[in-house]
Amino acid sequence: MIFSFSLTLLLVQCIFFDFMISPASSSPSLPFVSSAHAYSIACACTCAQRRILRRIRLGDFKSKCTGTGDFTLSTRSNATNETDDLAESILKNGKITKIAHQLIRHCVREDDIVVDLTCGRGTDTLFFLELVKDAGLIISIDKQQKALDITKKRTREEFCAHISDEAERKKIEEKVYFVRDCHSKAIEGIVEGLMQRRGRKIGACMMNLGYLTGKDTDKSIVTTTRTTLQALDKASRLLRVGGLITICCYRGHEGGQEETDAVLDFASKFPPENFTVTKIDVLNRSGGPILISCYRQR
């Protein structure tokens with residue numbers, strides 16, 4: 001309906017412009033309209049048409065072709081749904097890992113190189129698998145082999161289990177490049193090398209600081225302030241324009257508050273002409289985690 005109305009406006013616009021520029025002998029027979037009125041009507045049609053096309057371009061309308069070949073428009077778009085999901089994550093849930101996922105979803109492209117700097121139990125790596133397609137690459141890093149094994153198992157069982165084609169499953173598993181190393185060393189060497197080999201920068205990085213969760217894990221192995229800042233500094237230099245870094249900081253373990261404060265201080269000094277840095281902290285959950293996001297705008 002909206003599309004048809006836009007075409008009607010275009011037709012009316014053409015008729016009135018023709019009326020203005022055609023000689024009297026060949027112009028349409030519209031005695032009740034002066035040239036000034038015709039110009040005003042044509043301009044109004046142009047403005048209305050631009051508004052409609054702008055709304056379509058911004059995602060207020062979503063085009064759809066029916067089985068009969070008819071063209072219809074719905075008033076809800078994927079962009080709107082994603083915005084609603086982000087709002088719900090912030091207002092109703094308050095879980096920073098969910099909020100981080102919604103922010104990342106807005107920035108990642110299908111062919112991006114993305115990095116899970118602390119893969120842990122694989123939640124962020126599996127999330128990246130939803131976003132990155134065949135042309136992209138996911139680099140999943142952890143210094144504990146146990147974390148890598150958990151993530152590999154979850155990739156096979158949760159993401160690939162429904163795929164019957166063995167070759168297709170293998171292709172998906174090979175899309176994730178696993179690295180056992182400290183996040184600061186891995187991004188300095190391996191990540192930068194893979195990026196140069198593919199000829200493009202990183203689209204997104206995610207970090208969850210602290211220790212590997214679970215009943216049978218060694219919680220004395222934690223991220224440290226020094227290596228986290230090194231990894232963040234390098235990631236910010238390798239990030240493409242429009243890319244995003246998210247850091248989920250946990251303050252409950254020994255050294256967690258110090259690491260959080262250091263990350264906040266470091267990220268707050270990124271040049272504002274290049275980065276937008278934000279902090280999300282659920283204030284009525286004392287001592288809970290916070291989310292820092294660093295978006296590269298130029």
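**Exercise 1.** Are phenylalanine 270 and phenylalanine 275 buried or exposed?

Solution. This is a predicted model, in which local features need pLDDT of at least 70 and side-chain atom pairs count only at pLDDT 80 or more, while totals for chains, interfaces and linings use all residues. Residues are numbered from 1 along each chain as its sequence is written, and side-chain values use heavy atoms, with hydrogens and water left out.

Step 1. Take the cut-offs: buried is under 20% relative accessible area, exposed is over 50%, and partly exposed lies in between (1.4 Å probe, protein chains only).

Step 2. Both phenylalanine 270 and phenylalanine 275 are buried.

**Exercise 2.** State how many aromatic pairs the structure holds, and describe the one formed by phenylalanine 127 and phenylalanine 128.

Solution. Step 1. Rings of Phe, Tyr and Trp (its six-membered ring) pair if their centres lie within 6.5 Å; planes under 30 degrees apart are stacked, over 60 edge-to-face, and the rest tilted.

Step 1. There are 3 aromatic pairs in the structure. In the pair of phenylalanine 127 and phenylalanine 128, the centres are 6.4 Å apart and the planes make 40°, a tilted arrangement.

Step 2. Both phenylalanine 127 and phenylalanine 128 are buried.

**Exercise 3.** Explain why helix H5 is largely enclosed by the rest of the structure.

Solution. Step 1. Helices (H or I, at least four residues) and strands (E, at least two) are DSSP runs, numbered from the N terminus.

Step 1. Among the buried residues are Phe127 and Phe128.

**Exercise 4.** Locate threonine 118 and list what it touches.

Solution. Step 1. Threonine 118 sits in the loop between strand E3 (113–116) and H5, and is buried at 12% relative accessible area.

Step 1. With contact meaning heavy atoms within 4.5 Å, and not counting residues up to four places away in sequence, threonine 118 touches Ile141, Asp142, His183, Met206, Met207, Asn208 and Thr223.

Step 2. Threonine 118 and threonine 223 are 105 residues apart in sequence, yet 8.9 Å apart in space, C-alpha to C-alpha.

**Exercise 5.** Describe the salt bridge of aspartate 134 and lysine 171.

Solution. Step 1. A salt bridge needs a side-chain nitrogen of Lys or Arg within 4 Å of a carboxyl oxygen of Asp or Glu; the count comes to 12.

Step 1. Aspartate 134 and lysine 171 meet at 3.6 Å, N to O. This pair links distant parts of the chain, 37 residues apart: aspartate 134 lies in the loop between H5 and strand E4 (137–142), lysine 171 in helix H7 (residues 166–174).

Step 2. Aspartate 134 is exposed at 53%, whereas lysine 171 is partly exposed at 39%.
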